[in-house]
Amino acid sequence: MNLAHLSLLEQTVFVLAALALFLSFALLAQTRLTTMIHLFAWQGFLLALLTGVVATVAHTHHLYISALLTLALKALLIPWMLHRLTRRLQLERHQERLQHQALVMMAAAGLVIFSYWIVLPIARLELISTRNVISLSLAIVQLGMLLMVARRQVVAQVIGFMSMENGLFLAAVAATRGMPLVVELGIAFDVLVAAVLFGVFFFHIRESIDTLDVDQLTRLSEEEREQ
Amino acid sequence: MNALYATLILPAAGGLLLAVVRNLTLAGWLNLGLTVATFAASLLLALQVLGEGPLYSDSLLVDPFNIYLLVLTCFVGMTTAIFSRPYMAHVCRQGSCSQRRMRLYHSMFQAFMFTMLLALSTNNLGVLWVAVEGATLATVMLVSLYRTPEAVEAAWKYFILCGVGIAQALFGTVLVYFAAQHVVGSPEQGLNWTTLYMHAVELSPTVMSIAFVFLLVGYGTKVGLVPLHQWLPDAHSEGPTPMSAVLSGLLLNVALYAVVRLKMLTDGALVQTAHPHLAGHLLMGFGLLSFLVAGLFLHRQRDIKRMFSYSSVEHMGLATFAFGIGGPLATFGALLHMLVHSLTKSAIFVTVGHATHIAGTQSIEHIRGLIRTQPAVGWGLLFGVAAIAGFPPFGVFASEFLVLTATMQSWPWLTPSLLIGLGIAFAGLFRHLHPMVYGPVPQGQQPVRVNMLPVAVHLLLVLWIGLAIPAFLAGWLDQAVRLITGEGLL
Amino acid sequence: MADLLSPLNWLAALLQALLFALAAPLLVAWIKRIKSRLQNRRGPSLLQPYRDLRKLFIKEVRVAHTASPLFRAAPYLVFVATLTAAASVPLLAVKLPTAVLADVIVLVGFLALARFFLALAGMDVGTAFGGMGASREMLISGLAEPAMLMAVFTLTMSAHSTNLSSVIQHVLDSGLLLRPSFLFALLGLLLVAVAETGRIPVDNPATHLELTMVHEAMILEYSGRHLALMEWASHIKLLLYGVLISNVFLPWGISGDLSPAGLLTGAAAITLKLMGLGAVLAVSETVVAKMRLFRVPGFLNLAFMLSLLGMLSHVILEVGA
């Protein structure tokens, strides 16, 4: 088993990445919004921890800053903002009825296998010890997208969007030991602005169509309808 | 370099400044002034590049490919700002928009200009991504400016679809960085385009081809390639007209520019493999699909701005297709097409803004007899549509002709589909246009105060380029072609 | 593999099987004790299950007149099948002759055999509760078995063998390796074990309300020694799962040979692990409430998802790492 060739810390990276993937699955299965926000916060925390471990393994010190940034942004600030929004929108006890739950979970498993297949040529190149985590990160990105597609509630869609960013961050850390700090800061800034804009949007949507169910956003379509 | 810094700092500072200016008239003039200053700075930059050659630094890059796009962006931004000042004041008086939202509008307009200019002039692929995403974020609030249910829905769709697409592009960027790690000396240089281009052959072909697919899907969503175009008709039609003009005219170009830059890297990496033209073929496939599908959808539209946004999808598809063919002739055609399409489409949207002002609605069925009510608007719309449909002697005809010639040279069996597509789009546009311009005038339709000067300037430029393309422009484009394909046309 | 002809080895194997049977009630008593302590009671003594079994063995057997011969035979079949399954799981030492039998698929097969006769016995007398218990048991096991097999296959893929002894030996040989696949397989197996042994949150072993019963409903008609055998079989099943989980995922302490010192260390190690596992089960039973039946498929889907993730992590992360 080649796993034995890796140091204990690198094995920890694998375990943390697998747990982050598990949290993505858990997000797909959750019905309560508050629990979803908590799961998303935990995913952010796991990623920050993972970044710290990779920083220790690869001796890249700017990754520590990245880890702290992720912790502050993804594990604390954005979940807090989403919590505040949920309270203001009075969605705390909201429980969504999941449509086609079994199909969604099967699609999720299928997406994990698909991501693995896509990245397989890269994984075979053996260029970096944590390359296998690239498959997991792509899977987390695709599961975030599935979450956005499968949910009707806007807050759930936003969490899906944010968890996609989590997957991308994991890819950057695992494949490349972190992008240059400038880029990381830019991406973090974009994510923060996006989160703020989402928050503003919820209120606009609710004002205009009186609900936060995006299935009701149907006025613009290519079908013929009476004007 | 100073001109470049000025071009970037002016809109950035403007965005911050306009966030606090409360007086609407002052904001309008300030917006205009800033865009004029940015355009002047870009002209200075162009002169500098013409004289001394390309400018490179670690973070910024100005070479023949992006200099004309930079000047174009500043120019269209300026003319749109000229149009937007009285138009938005009128909209505000009508009550569709409050004072606070106008502040947001002006500030985001400048922020949008800044992010586009940054995307065009950066040398770092990561910063390119950040800037394109920033452009999306800046415009999202603007699309929903009028706060109607349709506008909010359009903005939400735009946000979500472009967000998802852009995330794929970020994954592609990470993969490019991954490939670069093993080739480039210092990790900091891993996202530097000039360094990557120099070492393109050494980049791993497997990683680069997978990366390119993700990047094409990601940035292609922003270009409006079918089937990722769903957000485009909604976003371009529901926002305020100046927004539609810059979105259609400028943002699509920036996204396509990103795609082409990355294609240059991928081509370099794949040159010694079994499929050296993978990137080109993908671009051709998506481009042709967008071109044909958009032409067909054009016919069904009932909203004038939606119709023209499908026309944007179609033209961007054509440009993508041409970039995919590769080779100096097609690339020259594509670059020329990006230029003239941008000028024509923004002119059309400005005219459409006036037309909807006259008719009081965006629905095609209810806009009639423009040429009788206000000849300036009527003729403007007529010439604009003629230009975009590819009538000679306008510039679009010249670029489309070049693309057709290139297709006949390398892919002769695809030429009929191109011709058919052009024909379908032509028919669709004119079928809708004819009653709008020449139909019976409805009761009580009055002429309004319009400023057709920007439109006239744009259309004259397009005409000039079509009739006798100026030597310096042709030289610029030829240098860009040389950079992209390795051989020049002229 | 051990010397199949040595009588000493076979003696050791027989002793291990007896030890399984004798130690099973002790584990149940330990769990009950901890639960009572958590509820602020002193709880019954650790020998109480033995006393209960003895009481039942002495009592008269009453069989309904609608019962078939299967009804009388089922307790013996169930007990023997469960004990055989248990005997094949390495308890103290890895290299027993019965280790050849210790294939995970054989294990699952024996447990399925026991479950089959248990369900038939429940339906045999024709009462409503028996049938209800049997159908619920089949629902739960139908969903739990794929999860268990998936978790077990994850382990066998790492060890390249379905033999339990080989798996344990492989884990021992690899040293301390943090495997995501094992982590997920452990979680999946824990959930499956809770479902298969009929513990809270799937089934309450101490319930008196027939409508909430699953396992108890099937053995509702039994009395005397038949009931004693059925109860003993369920105790052995719990011990089986406990030993399986402890020895496969945390095999340190298990003896590699049959020396007395090794066996004693093995015994001490497994006792400690089972005490810990029993405590965990007791705490979780106290903290989590019993689920309504329609939520059990969701619980088992979670177990399946975890096992599937374990398999995927193995293929994606660990092969070619």
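This report walks through a predicted model, from whole chains down to single residues.

## Ground rules

Because this is a predicted model, local features need pLDDT of at least 70 and side-chain atom pairs count only at pLDDT 80 or more, while totals for chains, interfaces and linings use all residues. Residues are numbered from 1 along each chain as its sequence is written, chains are lettered from A and ligands numbered from 1 in the order in which they are written, and side-chain values use heavy atoms, leaving out hydrogens and water.

## Chain A

Let's begin with chain A, which has seven helices and zero strands (DSSP runs numbered from the N terminus, with H or I of at least four residues for helices and E of at least two for strands). Reading from the N terminus, its elements go α-α-α-α-α-α-α. The C-alpha trace spans about 65 × 35 × 30 Å along the principal axes.

Of the 227 residues in chain A, 59% are buried (buried is under 20% relative accessible area, exposed over 50%, and partly exposed in between, with a 1.4 Å probe and protein chains only). Among the contacts of chain A with a separation of 6 or more, 75% come from residues 24 or more positions apart; a contact means heavy atoms within 4.5 Å. Chain A exposes about 9400 Å², with 61% supplied by carbon and sulfur atoms (accessible areas use the Shrake-Rupley method with a 1.4 Å probe, and for residues only the protein chains shown count as cover).

## Chain B

Chain B contains 19 helices and two strands. Its radius of gyration is 21 Å, close to the 23 Å from the globule rule for 490 residues, so chain B is as compact as a globular protein of that length. Its C-alpha atoms fill a box of roughly 70 × 55 × 45 Å along the principal axes.

Buried residues account for 66% of the 490 residues in chain B. Of its contacts between residues at least 6 apart in sequence, 80% join residues at least 24 apart. Chain B exposes about 15600 Å², and carbon and sulfur atoms supply 67% of that area.

## Where the chains meet

Two pairs of chains touch, and chains A and B have the most contacts between them. Chains B and C share no contact, and their closest C-alpha atoms are 18 Å apart.

At the A–B interface, 49 residues of chain B are in contact with 53 residues of chain A. Together these chains bury about 4600 Å², 75% of it on carbon and sulfur atoms (buried area is the accessible area, with a 1.4 Å probe, that two parts lose on being put together, summed over both). On the chain B side, Glu153(B), Trp156(B) and Phe178(B) lose the most area to chain A, together 16% of what that side buries.

## Rings and charges

Over all chains there are 31 aromatic pairs (rings of Phe, Tyr and Trp, using the six-membered ring of Trp, pair if their centres lie within 6.5 Å; planes under 30 degrees apart are stacked, over 60 edge-to-face, and the rest tilted). Phe161(A) and Phe159(B) make an edge-to-face pair, 6.3 Å centre to centre with 65° between the planes. This pair joins two chains, because Phe161(A) lies in helix H6 (residues 154–176) of chain A and Phe159(B) in helix H6 (residues 149–181) of chain B. Phe161(A) is buried at 2% relative accessibility, and Phe159(B) is buried at 2% as well.

In chain C, the charged end of Arg179(C) sits over the ring of Phe182(C), 4.5 Å from its centre.

## Two residues to look at

Ser129(A) is in the loop between helix H4 (101–123) and helix H5 (132–150) of chain A. Leaving aside residues up to four places away in sequence, Ser129(A) touches Leu6(A), Glu10(A), Phe14(A) and Arg177(A). Ser129(A) and Glu10(A) are 119 residues apart in sequence, with 8.0 Å from C-alpha to C-alpha.

Tyr241(C) lies in helix H9 (residues 224–249) of chain C and is buried, with a relative accessible area of 2%. Beyond residues up to four places away in sequence, Tyr241(C) touches Leu111(C), Met148(C), Ala193(C), Glu196(C) and Thr197(C).

Key:
A charge sits over a ring if NZ of Lys or CZ of Arg is within 6 Å of the ring centre and within 35 degrees of the ring normal. The radius of gyration is taken over C-alpha atoms; the globule rule is 2.2 Å times the number of residues to the power 0.38.
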